[in-house]
Amino acid sequence: MNVDAAANFKDKILGIGAVVRNHKGEVITVFSRSVQGCFRSDEMEAKVLFHSLNWAAQHHLSIAIVETDALRISSALNTFHRDLSCFNDLIDDVRCLLPSFSEVTVTHARRQVNKTAHGLAKCALKADENVSWIGENSLSYFFYYCK
């Protein structure tokens, strides 16, 4: 699963995008939603990961690898160092969701790899509702919807 965020700072909206691929790299499902609020960059990325994993758990999706272009998020999830910031509370929320998936790994990916997830997050900024498609052609349906 690749996840990413987009923001509309004027209207204080966070766009969330996630794309799930199978072991062949084929898109099997996409997810997009918006969340009200204005957040710092790390907080946005942590919220995206939380909402995406929560959605995947509710739909009983099998997730083995989560890729984010937010290095601080992947680093925080792969270490056990704690601080008392708001950011750490978000990381703890994400950690609570990870056991929903057997042997899931959160890794850092270059921004170029996350282009599709970012496109989904940008679409969420314009949508009035949460949107997801599961199955063949889900990505095509989603981007048609976003036009």
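**Entry 1: Leu49.** I'm working from a predicted model. I looked up what Leu49 touches, skipping residues up to four places away in sequence. My list reads Val3, Val66, Ile73, Leu77, Val94 and Val106.

**Entry 2: the core.** Next I checked the largest nonpolar core, and it has 33 residues. Leu49 turned up again here: along with Leu53, Ile63 and Val66, it has the most contacts inside that core. I then noted the elements that give two or more residues to the core: strands E1 (2-8), E2 (13-21) and E3 (27-36), plus helices H1, H2 (71-77) and H3 (86-97). Which element gives the largest share of this core? That's H1, with seven residues.

**Entry 3: Asp42.** I stayed with H1, which covers residues 41-58 and includes Asp42. Is Asp42 buried or exposed? Its relative accessibility is 19%, and the cut-off for buried is under 20%, so Asp42 counts as buried. Leaving out neighbours within four places in sequence, I found Asp42 in contact with Arg72, Ile73 and Phe87. Ile73 was on my Leu49 list too.

**Entry 4: the whole chain.** Zooming out, I counted five helices and six strands. Along the sequence they run β-β-β-α-β-α-α-β-α-β-α. The chain has 147 residues, and 44% of them count as buried. I also looked at contacts with a separation of 6 or more: 67% of these are between residues 24 or more positions apart.

Definitions and conventions. Residues numbered from 1 in each chain as written. Predicted model: local features only at pLDDT ≥ 70, side-chain atom pairs only at ≥ 80, totals over all residues. Heavy atoms only, no water. Helix = DSSP H or I, 4+ residues; strand = E, 2+ residues; numbered from the N terminus. Buried < 20%, exposed > 50% of the residue type's maximum accessible area, 1.4 Å probe, protein only. Contact = heavy atoms within 4.5 Å. Core = buried A, V, L, I, M, F, W, Y, C linked by side-chain atoms within 4.5 Å.
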